[in-house]
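Please look through the following structure together with the questions below, which move from the contact between two chains to single residues.

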Amino acid sequence: MLRRRMGYADPSSGKDILGNRSLCFMFLCAFGLVTLLQQILYGKNYIKSAQQFSRLKGDETGNWTGPVNFSDDGSLKPARNGRKRCFRQNFQPDSQISVIVTPCLADIKKKKKRYLESYDGSYEYNSTACRELRQEIMDVKVLTMVKTSDLFERWRNLQVCRWEQNKEEAGNFKMSLSRCCNAPSFLFTTKRNTPAGTKLRYEVDTSGILPITTEVFKMFPDDMPYSKSQYKKCAVIGNGGIIKNTKCGKEIDSADFVFRCNIPPINEKYSADVGTKTDLVTINPSIITERFQKLEKWRRPFYDVLQNYENSSVVLPAFYNTRNTDVSFRVKYMLDDFDSQRGVFFFHPQYLLNVQRFWAVQGVRAKRVSSGLMLVTAALEMCEEVHLYGFWAFPMNPSGIFITHHYYDNVKPRPGFHAMPHEIFNFIHMHTRGIINVHTGPCT
Amino acid sequence: MLVRCYRGKLSVWAAMCVLVLCWFYVFPVYRLPRDKDIVDEVLRQGQVWQKNQTGIDFFRKLLTKCCDPRRKFAVTKENSPMGKVLWYDGEFYHSHTVNNETFPLLVKDNPLQRPLKKCAVVGNGGILRHSKCGRDIDQADFILRCNLPPLSKEYVEDVGTRTHLVTANPSIIEKRFQNLLWSRKVFVDSMKVYGSSYIYMPAFSMKTGTDLSLRAHYALGDASSNLTMLFANPEFLLTVGKFWKARGVHARRLSTGLFLVSLALGLCEEVTAYGFWPFSVSLDEQPVSHHYYDNILPDKWYHAMPEEFVQLWNLHKSGTLRMRVGRCSSPKGGS
């Protein structure tokens with residue numbers, strides 16, 4: 001201190017503190033610390049996933065990241081996996097896709113039995129062949145354990161079996177869901193589960209807390225409009241490009257309750273594939289922000305879009321973060337202004353958090369579960385039988401043909417936000433266990 | 001240290017003094033007649049009024065030369081094509097370029113082309129209360145009102161029912177309708193009183209007003225209301241402001257009433273003004289509320305209402321427009 005005041009500085013004093021050797025030591029310490037932290041944070045997975053990633057990189061990622069031109073009309077380009085593939089013309093009268101990529105004949109011969117030629121659902125659920133096929137899928141414990149092409153093959157093979165609900169498995173699953181999430185009373189914010197004066201915590205922690213004023217409270221429904229296992233057969237429609245040209249419209253419309261995500265177009269161009277019946281449709285506030293200027297300007301265009309979904313209710317994740325709240329409330333106000341009888345509901349943030357936690361245990365780890373998964377979770381509690389259409393998050397369909405990202409466009413989502421492939425993998429497992437029915441092929 | 005500081009203070013004071021002097025030079029101190037004097041003069045004048053056709057024509061020519069209300073009073077597709085820069089008249093150096101978002105909102109052509117015969121400009125002065133002027137006002141061909149006044153049953157006798165043009169201040173939308181961001185039904189419903197009239201909004205006067213005015217347009221359009229939205233042309237407002245400033249109205253901004261009177265004088269053959277009375281006592285020395293519907297006093301330094309009244313009274317005396325102050329007992333009213 002004295003020296004500094006005198007205006008002198010020892011030229012060698014700095015060198016002692018940050019000498020070469022001490023720098024090296026600090027570096028080593030930092031490296032060790034980081035490695036240790038990673039070990040603690042990611043547990044065993046750290047090393048394991050790194051290995052898996054490298055393998056994935058070796059022969060799989062070519063499919064995912066390569067410059068692939070997605071043409072809208074379902075390009076007939078086969079997926080190139082670095083593995084020898086054979087093309088076979090497949091003359092199926094009612095399917096639009098004429099080229100199916102199958103493993104080479106030599107490959108097939110090596111394996112025991114193939115059911116490619118057989119028709120969808122021709123085998124009984126409980127036949128030994130089907131059990132074997134199901135076991136094949138259940139053997140795949142983690143998505144990255146096998147190549148996706150391998151998984152696709154197993155999935156394709158399973159299509160020959162008729163799906164049947166496994167009462168025991170489904171019952172157990174629903175039980176665990178009602179224990180964690182309890183959709184019949186907590187799916188939406190209602191006057192009952194969110195009394196006025198509650199301090200509602202946003203889903204994203206940093207967004208803080210919203211006190212429920214009487215103004216907000218007035219917008220809530222009196223009670224949950226749906227009860228447990230109210231509907232027999234439900235259909236949840238994803239927006240994946242897989243649904244294109246499946247002609248599933250009629251089958252979907254025959255369901256008792258139809259869920260849709262993110263106000264998809266259901267006009268004549270698509271209705272043959274996706275149907276028109278809608279009972280519940282989610283809206284992502286970001287859509288309103290981008291396409292309808294937060295409803296601060298014209299509101300009629302948005303109202304007209306909603307008119308396409310005849311009697312459906314609208315669900316918004318209003319309490320995800322603060323940005324969503326105003327926009328979501330505006331939807332309610334707008335519909336009231338137009339004297340619409342349409343129900344407007346807001347997802348309960350605690351329910352979504354519980355759902356997220358539930359799926360994280362099942363292996364879907366993402367910043368946020370997709371709205372499709374939310375709806376499936378809710379549907380599992382509300383319905384006896386849940387059918388999934390249009391859920392497929394891979395760049396090609398099970399036969400290896402490239403598909404668009406959505407059935408109406410090919411806009412890719414923000415990377416790293418949702419973990420779609422993991423969700424789909426979960427659905428495939430659940431299909432195999434007989435809990436839900438995932439439709440990926442054309443409907444008959 | 002002290003010396004330097006002192007010197008700094010001195011220079012600041014000097015600059016302030018110069019500024020004040022400049023201020024006095026630009027806006028010289030003037031003396032307005034006291035309220036009592038004005039009332040006395042109005043009483044002396046009585047109900048007598050002589051129409052002066054040459055005065056009317058002369059004044060219209062003056063207005064047309066400076067401001068051209070017939071073509072310029074609103075922003076139309078004709079006078080503001082795409083890419084036209086609108087300079088805000090109430091802001092310092094701020095402009096809006098007509099783009100493909102605002103352009104479709106404008107009216108195609110000036111809707112008030114035809115020469116109008118009898119116009120009535122209805123101010124919101126408290127003098128209108130119990131004046132029974134409703135019938136007189138309704139007889140006019142074109143009725144202009146200021147700032148979305150209430151026309152409920154209570155007031156019909158005094159202010160009439162018909163409206164052809166009503167101005168709306170963006171600040172009203174902000175205060176009464178929560179910026180139109182939430183429910184818009186209240187707004188649309190409250191506008192039904194004005195039938196199928198024009199709503200005249202100064203969208204390009206203040207920065208904050210633009211969004212609000214456009215939003216009002218969106219709200220009315222969504223509800224497919226039969227009101228037509230007109231956006232005030234900032235150029236017109238600016239030139240009218242200058243016109244009156246040259247005639248001795250010193251205020252930050254003219255009142256809406258004076259804008260409407262200027263507009264009416266430029267468009268109509270005969271103009272009658274009702275409810276312009278910015279004083280707190282009526283002719284018979286009774287206290288008068290500020291508006292006929294409430295008594296909320298405005299910001300004192302913003303508008304110069306008494307000056308405007310004096311100007312209008314001068315026009316009344318010269319027979320250019322008719323001011324109706326006090327009661328209209330319609331059968332005898334024409335005397």
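Q: How many residue pairs are in polar contact across the interface of chain A and chain B?
A: This is a predicted model, in which local features need pLDDT of at least 70, side-chain atom pairs count only at pLDDT 80 or more, and totals for chains, interfaces and linings use all residues. Residues are numbered from 1 along each chain as its sequence is written, chains are lettered from A and ligands numbered from 1 in the order in which they are written, and side-chain values use heavy atoms, with hydrogens and water left out. A polar contact is a pair of N or O atoms within 3.5 Å, where within protein one must be able to donate a hydrogen and the other to accept it, and residues adjacent in sequence count only if both atoms are side-chain atoms. With both residues at pLDDT 80 or more, the rule finds across this interface 13 residue pairs.

Q: Which helix supplies the largest share of the side of chain A that touches chain B?
A: Helices (H or I, at least four residues) and strands (E, at least two) are DSSP runs, numbered from the N terminus. On the side of chain A that touches chain B, α15 (300-307) and α16 (322-337) each supply at least two residues. The largest share, six residues, comes from α16(A).

Q: What area do chain A and chain B bury between them?
A: Buried area is the accessible area (1.4 Å probe) that two parts lose on being put together, summed over both. The contact, meaning heavy atoms within 4.5 Å, takes 15 residues from chain A and 15 residues from chain B. Of the area buried between the two chains, 50% is on carbon and sulfur atoms, and the total is about 1,300 Å².

Q: Which residue of chain A forms a salt bridge with K185(B)?
A: A salt bridge is a side-chain nitrogen of Lys or Arg within 4 Å of a carboxyl oxygen of Asp or Glu, and the count between chain A and chain B is two. In the one formed by K185(B), the closest N and O atoms are 3.4 Å apart, and the partner is D339(A).

Q: Why is helix α8 of chain A largely enclosed by the rest of the structure?
A: A residue is buried under 20% relative accessible area, exposed over 50% and partly exposed in between (1.4 Å probe, protein chains only). Helix α8 of chain A covers residues 148-158, and its buried residues include F152(A) and W155(A). The helix is largely enclosed because the number of its eleven residues that are buried is eleven.

Q: Is H387(A) buried or exposed?
A: H387(A) is found in strand β10 (residues 383-389) of chain A. Leaving aside residues up to four places away in sequence, H387(A) touches K233(A), C234(A), A235(A), V236(A), N437(A) and H439(A). Because its relative accessibility is 7%, H387(A) counts as buried.

Q: What is the phi of L295(A)?
A: Most residues other than glycine have a negative phi. L295(A) lies in the loop between α14 (285-291) and α15 of chain A, and L295(A) is buried, with a relative accessible area of 0%. Although L295(A) is not a glycine, its phi is positive, at about 60°.
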